[in-house]
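I opened this entry to record what I looked up on charge pairing and on nonpolar surface. The notes follow in the order of the look-ups.

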Amino acid sequence: MLILTRRPGESIYLGDDIKITVLSVQGKQIKVGLDVPGDLPVYREELYLRVQEQNKMALDLSDQDLLAATELWQKDK
């Protein structure tokens, strides 16, 4: 992990397209501004982790799931 120190009003660039600016610091809370390309998704960590878990669950297939899908497909014929 790269650790940098910035003061309010100072920025960090990630590549050419992403700019992170420290807007304010109040006690243990830091407000940051993000300038990112419009097609780049930005998630809070807790939401990102939830989305990743749901995606993983959606990809988990069991033999029972495949058998049930096969039976439904055969009934539609």
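**Entry 1: salt bridges.** I searched the predicted model for salt bridges, and the count came to 2. Side chains of opposite charge can pair when their charged atoms come close.

I took the pair of Glu10 and Arg6 to begin with. Their closest N and O atoms are 3.8 Å apart, which lies within the 4 Å cut-off for a salt bridge. I then looked up how open the two partners are. Glu10 has a relative accessibility of 27% and so counts as partly exposed. Arg6, at 37%, is likewise partly exposed.

I turned next to Glu46 and Arg44. This salt bridge has its closest N and O atoms 2.8 Å apart. Glu46 is partly exposed, because its relative accessible area is 46%. Arg44 reaches 56% relative accessibility and therefore counts as exposed, the limit for that class being over 50%.

**Entry 2: nonpolar surface.** Which residues form a nonpolar patch on the surface? I found Val25, Ile30, Val32, Leu34, Val36, Leu40 and Val42, with about 560 Å² of accessible area together.

I checked one member, Val36, separately. I located Val36 in the loop between β3 and α1, the latter spanning 45–59. Its relative accessibility is 31%, so Val36 counts as partly exposed. That value passes the requirement of over 30% for patch members, which is why I noted the cut-off here.

Notes
Residues numbered from 1 in each chain as written. Predicted model: local features only at pLDDT ≥ 70, side-chain atom pairs only at ≥ 80, totals over all residues. Heavy atoms only, no water. Patch = residues over 30% accessible without salt bridge, like charges linked within 9 Å, V, L, I, M, F, W, Y side chains within 5 Å. Areas by Shrake-Rupley, 256 points an atom, 1.4 Å probe, with all protein chains shown as cover. Salt bridge = Lys/Arg side-chain N within 4 Å of Asp/Glu carboxyl O. Helix = DSSP H or I, 4+ residues; strand = E, 2+ residues; numbered from the N terminus. Buried < 20%, exposed > 50% of the residue type's maximum accessible area, 1.4 Å probe, protein only.
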